[in-house]
Every structure is written in structure tokens, then in C-alpha cells.
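Please take a moment to look over the sequence and the model shown below. The paragraphs after it lead through the chains, the contacts between them and a few local details.

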Amino acid sequence: MAPVATPFFFYLLSAIMLIGGIAVITRKNPVHSALALIVTLLAQASIYLMLYAPFVAGVQIILYAGGIMVLFLFVIMLVSIERSMKERQFNSQWVVGMIAATALGGLFIAVYTKGTSIFPDHALSVVEDNNTQEVAKMLYGQYMFAFEIASLLLLVAIIGAVVMAKKRI
Amino acid sequence: MLAAHNSGLVADMETMLHITTLHYLVLGAALFLLGVIGVLTRRNVVIVLMSIELILNAVNLNLVAFSRLWGGVHGQVFAIFVITDAAAEAAVGLGILIAFFRNKETVNIDEVNLLKW
Amino acid sequence: MGAIIQYVQSYLSSDKTPGAAGNMFWALVYIMLVFGGLSVAVIAMNWLERKILAHMQVRLGPMRVGPHGLLQPIADAIKLLLKEDIMPAEADGFVFWMAPLIVVLAAFTVFVVVPFGPTHAITDMNIGILFMLGVSSLSVLGIVMAGWASNSHYPLIGALRSSAQMVSYEVAMGLAVVSAILMTSLNAEGTGTLSMIGIVKAQLAQHEWFIFKFFPLGLVAFFIFAVAMVAETNRAPFDLAEAESELTAGFHTEYSGFRWSLFFLAEYSAMIAVSSIAVTLWLGGWLRPFPNMLSGTPWDQIFSLSPGVTFLFFAAICFYNTVRMPKHPLFRIQTIGLAGFGVVLGLIGLVLFVPAVSGRVQDIFWFSAKVAGFMYMYIWYRGTFPRYRFDQLMQMGWKVLLPMGLGVLILTASVALLQQKLWHP
């Protein structure tokens, strides 16, 4: 289970993710943004595999890339985007937005440089052979209540989406 | 002097080559920042919703990185719940978008200003 | 030279897949083999579909291009490669170009975890079946992109219908798969597995193919999956979105030449992929029929003759048809070609009798034979059933298959729990 060429894959995948993220927020055409987000999500699934979390990677591919992004693409096709592509893309308070984001970035840098001592540099050798079984034990054991509430949340979301998108209420 | 300079460079390369939890956290922070910029600066509602998905993914990356650091799968279970949550929120958000588009024929959030004084 | 032979032999006697052993060279060799085998299978499927459909419709099918049309797929491939590459004027260039790429990538990446034998998989992921279901659902994205980028009504409606159908039947497929995975946990430790090789090993350990387990629950789950997989791959009788008489070929209307052949390649690969899932989960993967009733060395030896016998049977059919060819000078080349093809098949059959080769090929042969049976069923459905209307299609997916899947899941879980409590208290 020794990782093969980990730094190479990490930098490659993080470059893909960052370029995809920048493409999401800067493209004029929402379809291109959605495609860039799909690329980012798939690269993130690969990073989950590097972190020895194969079940979360599988869930990410099925739910996020194969479900949520299909939903986004359907909605983009339903709303006409030609008019929105001719308008101005960035709103009038983009300066304040960038200042706020820079402040947040500064906060992150401050936390990560001051607090590196709380991330001990040992990596436990987690065997990935029964990751699914471990997650299943947690989900159906300790987090059973949260599991049931998540299913209730999904039911509420389905009813809400159907009501919002109906023609006559 | 040259040896000290050399060791500094070698030490930098070593930090770059040995992937620690900090690397994943920095990547997650960068994605989070990109999502925040997207939410704050774009006018198209669909792209704002996609930026929110970026933010949620950055959070997931942090959770799974810490789960790897501390050994248990609690972080991964939490990440699965976050993904479920994101699906529900995307569905409802896009439903609202469709209802809004049906009324106003535009996907520009600057035009959602009926309550503006 | 000796070192190379030793290296090859040292790998051939290992008991791990190349992915588990971390061996890049053998992983690459396996990838090349799977890719090559898949291409040959798609070409063979093209010819088989046209001939078998034709014979079901009491006509002959392609007969001219090679002996009995055997070179027809090659002629089709050359034609598609040489055709003009048209892109609609207002089409979104980048998305138009990416769509067939995504569909082909999704259809081919699935084969990384397909188990042709206990160590004959490229890798054995812990989440094998989850990976297969997830990556095959990425092809929906490619179809939506193809319909959108063509900038025309028929492809857009075809793509929306196609993707709605695929997403609906994925739910029923998932429930049937969960029922089968439940059955893998009926062992001493009480834990199942999602890995494809683990599922077949569970069937081996429980001495029963999952299609016969808890009769009729395994059979109903298999039936749900068999119907859902035909709908998932947009094949008859669920091919409203791409039938010629309905929407002028649906989402791939505006694609011509090589791009269209990519969609076509992806469709056949997806068919083989979901058939592999069905074979692995319910029909015992690479296990030979009757391992327990007809066990012991003599039966093993008889069954191990099957690959060679199959190829010799095909060679015999070729020779019989060679004798039946018209005795006209213009048919001389075709007669010689067919006889040559028969000789090649016979030689392959004879090689497969050699014990060293036969031992390694057994698993791959039984797996491929079962998948070939599924391919024949696909062609049979196309020749037999009338097409479903779209609302009937969606109704069946949500109102019939989904409740059946839920019912089978609950019943399977209850019976499994009862069995665990009663037999191992």
C-alpha cells in the first residue's frame, strides 16, 4: 500500500483543482463553469483516494459529479443564458469582495504559520482494505441519529424542490 | 555561508516534497478563497451556487485530511453528511432559481431587489 | 533472456492483481490487453448484431464485404474515419469536442476493476462496485453536453430524455446491487465487501451463485438489474432517445465520422461493462458451472476442455460454410478467406487445449462466455420487443422497478437476518 510518487500526484491534482476553481469563477458561459467544476470535483475524488478514503471518493463521484452537476447542467439548459452572457459578469462591489477575500486569506495564512505545531507530522498507517466497513460501523452505530435526520433532510429537499418548480402552487 | 544557504534550499525542497497535512489544509484554504470570491463578485445566480459548492468541497477536504491525520473515520463520515447536505441544498437552491427565473426572465441577482428601499 | 523469462514466470505465479502488487509494468500490460480485447469485442458485436438481427428478421444481413460479411465492421470503421467532420455553425466548439471524449472515458475507465479471474483484474479496489456505478453515471454528463452543444432541437430533446432515463434507472440498478451486496455478508465475520473479486469469492465460499440464493429473491434482484441495465445503456426496447424513426438519432444527430464512432464505441463498451457487473454479482463471475454438484478432478478436466472445444466448434462452423459456398469463380477469394478464418480459429482452439495455457484461460473463458450470453440477450431484445414510449418508460422506472427493488432489498435483508440468527446464534 506504499504510495507511489505522492508529491507528483499531489501537485498535479492540486494544480488541476486550482485551475478548475479559477475557471469556475471567471468563465462567462455557465456551461463552461459547470464543466470546470466537474473537473475540480473529479480531481478532489482522486485526492480523497490519496488520503486513503476510498468510500468518500466513490460517494463524491456518484453524488457530486454524477448527480449534483447533472442537476446544475439541466437547470442551466432550462434558463436561457444568452442574455446573461451579454451582460456584465462581475458586480459593482467586486473591490470590496476582493478586499474581504484577501483579509480572509491573510487570516488563513496567520493561522497556518502560527499554529503548525498543532499538526503533528506523524501519519498513521491506515490500512485501506476495510475502509468501507469502518465507515459503515460508524454510520450505523455512532451516527445513526444523524443518518436518519439526513434522510429526513433529503425528503424535505425533494418536497421543497418539487413545490418551488411547479407551475401553479 | 554557502553551506548554510544550500541547506536552506534543500530544506525547502524537503518541505515541498514531503506531503503533510498542512499541504492539504492550504489547498483547502485556497479552494475556500476561490469560492468566497465567486460568491462575492459574480452576478449570475448559477455561478454563485457553484461557488458555494466549491466552498463545501474545501470544507470536505479539510475534514478528510484531519481524518487521515488522527486515524479514525469520523472525519470521513462527517464529509459524507456534508455531501448529502450539499445535494439537498443544490436541489432547493436550483428550484428557487427556476421559480425566480419564471417571474423575472433573468438570472442576475442584482435584479432581485423588490424589497430595496 | 533468462532473466526476462524468470520475471514473467515470477509474476504469473503470484496471487495478487497488478494494482495490489503495485507493479506498474504488469498493470500496463493488463490495461493494454483489456483495451485490445474490448476493441475486438466491440468490432465483433457490430458484426454479430447485424447478422443476428438479420437472421431474426428472416434475411441475411451483410454478405458481400468479406465471407458472410466478416469484414463489414472494418469497412464501416474505414468509412467513419474518412468521413467529413461537420460541426454546426452556432455550436459551442469546446463542449461539442469534449462530449464524446467524456462518454468514451467513462465507458472505458470502468474496466479497471472488472474481474476476469481471481487475479486477472487490473486492480481490485475496496469500493469496486461503487466505483463502477459512479463512473458509468459520468456518461450522463457527456450525453447532456452533446445535446446542449449541438445547438439544435432534436439533439437537445433527445439528450434530456436520454439523461432523464439513465438517471431514473440508475436508482433501480443501485437498489438491486445493494441486495446482492447484502448477500456477501453472510459469512462468519458478518461483514460483506464491495470489491468485485470479493463478491465472486463470497459466492464461491457460500457455494451458491447469488441468482439462486434465497430463491426467488436473488432472481428478482437479477431481473430488476437486467431490465435496468438495458435502459441504462439506451438500448432497445428503451431506445426512444436514439431510434432512427423517433428523433432522428437523438443526442448524436449532429455528430459525424469519427466523433459518432466514439459514441458508438462507448455504447457497446457500456453494454459490456454493465453485463460484467451482472455476471459478477449474480452469475458467479469466473466460476465454472456446477462447481459443487459436479466436483472432483474428472469433472474439472472435462470442464477445462471447454475453451478449446468452443473454438473448435466455431472452426467447424466456418468449414461447413466454406463447403456450402457457391462454386463460382467470383466466390473463390471469399471461400479461401473463410477457410483461412476457420483454420485460425481451429489453431486457437488447439492451443487452448495445452494444459499450461488452459489453466490460466479457464476463468477468463467462463467470464467472457457469460458476458457473451448477455450480449446475445441485448440483440435478442432489439429484435423482439417494440419500443417503449417515453412516459411509459419513466413510469416503469419509477413506479414499477423502484418499488420492486425496495421490496427485494427489505425481504433479502429480513431473510438474511433470520438466517444469521437461526443458523448461527
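**A walk through the predicted model**

Among the contacts in chain A between residues at least 6 apart in sequence, 55% join residues that are at least 24 apart. This is a predicted model, and what follows should be read with that in mind. Of the 169 residues of chain A, 33% count as buried. The chain is divided into domain 1, covering 1–85, and domain 2, covering 130–169, and the C-alpha centres of these two domains of chain A lie 22 Å apart.

From chain A we can turn to the way the chains meet. There are two pairs of chains in contact, and of these, chains A and B share the most contacts. Chain B and chain C, by contrast, do not touch, and their nearest C-alpha atoms are 14 Å apart.

The contact between chains A and B takes 70 residues from chain A and 63 residues from chain B. On the side of chain A that touches chain B, at least two residues each are supplied by α1 (6–26), α2 (30–50), α3, α4 (82–86), α5 (94–114), α6 (131–142) and α7 (144–165) of chain A. The largest share of that side, 13 residues, comes from α3(A). By class, the side of chain A that touches chain B has 52 nonpolar, 14 polar and four charged residues.

One helix pair shows in detail how chains A and B come together. The axes of α1(A) and of helix α3 (residues 45–70) of chain B come within 9 Å of each other and cross at roughly 155°. Because angles over 145 degrees count as roughly antiparallel, this crossing makes α1(A) roughly antiparallel to α3(B). The crossing of α1(A) and α3(B) is left-handed. On the side of α1(A) the contact is made by A:G21, A:V24 and A:I25, and on the side of α3(B) by B:I47, B:M50, B:S51 and B:L54. Sorted by class, the contact of α1(A) with α3(B) has five nonpolar, two polar and no charged residues.

A helix pair also joins chain A to chain C. Helix α3 (residues 54–78) of chain A packs with helix α7 (residues 139–149) of chain C at an angle of about 15°, and their axes are 10 Å apart. Since angles under 35 degrees count as roughly parallel, this angle makes α3(A) roughly parallel to α7(C). The crossing of α3(A) and α7(C) is left-handed. Here the contact is made by A:G66, A:M69, A:V70, A:L73 and A:M77 of α3(A), together with C:V140, C:L141, C:V144 and C:W148 of α7(C). By class, the contact of α3(A) with α7(C) has eight nonpolar, one polar and no charged residues.

The buried residues in α9(C) are C:M196, C:I197, C:G198, C:I199, C:V200, C:A202 and C:Q203, and they pack against α6 (128–136) and α12 (258–282) of chain C.

After α9(C) comes C:H207, whose phi is positive, near 55°, although C:H207 is not a glycine. This residue is found in the loop between α9 and α10 of chain C. Is C:H207 buried or exposed? With 10 other C-beta atoms within 10 Å, C:H207 is exposed, because a residue with 12 or fewer such neighbours counts as exposed.

The loop between α9 and α10 of chain C is also the place of C:F214, another residue that has a positive phi, about 45°, although it is not a glycine. C:F214 has 23 other C-beta atoms within 10 Å and is therefore buried, the limit for a buried residue being 20 or more. Further along, a cis peptide bond joins C:F215 and C:P216, with omega about 5°. C:P216 is found in the loop between α9 (196–205) and α10 (217–232) of chain C.

How values were computed. Residues are numbered from 1 along each chain as its sequence is written. Chains are lettered from A and ligands numbered from 1 in the order in which they are written. This is a predicted model: local features need pLDDT of at least 70, side-chain atom pairs count only at pLDDT 80 or more; totals for chains, interfaces and linings use all residues. Helices (H or I, at least four residues) and strands (E, at least two) are DSSP runs, numbered from the N terminus. Domain bounds come from an automatic or database domain assignment. Axes are lines fitted to C-alpha atoms, for helices over the stretch in contact, and angles run from 0 to 180 degrees between N-to-C directions. Angles under 35 degrees count as roughly parallel, over 145 as roughly antiparallel, 65 to 115 as roughly perpendicular and the rest as oblique. A crossing is left-handed if the near helix is turned anticlockwise from the far one by less than a right angle, and right-handed if clockwise. Two residues are in contact if their C-beta atoms, placed from the backbone, lie within 7 Å. Ala, Val, Leu, Ile, Met, Phe, Trp, Tyr, Cys and Pro count as nonpolar, Asp, Glu, Lys and Arg as charged, and the others, Gly among them, as polar.
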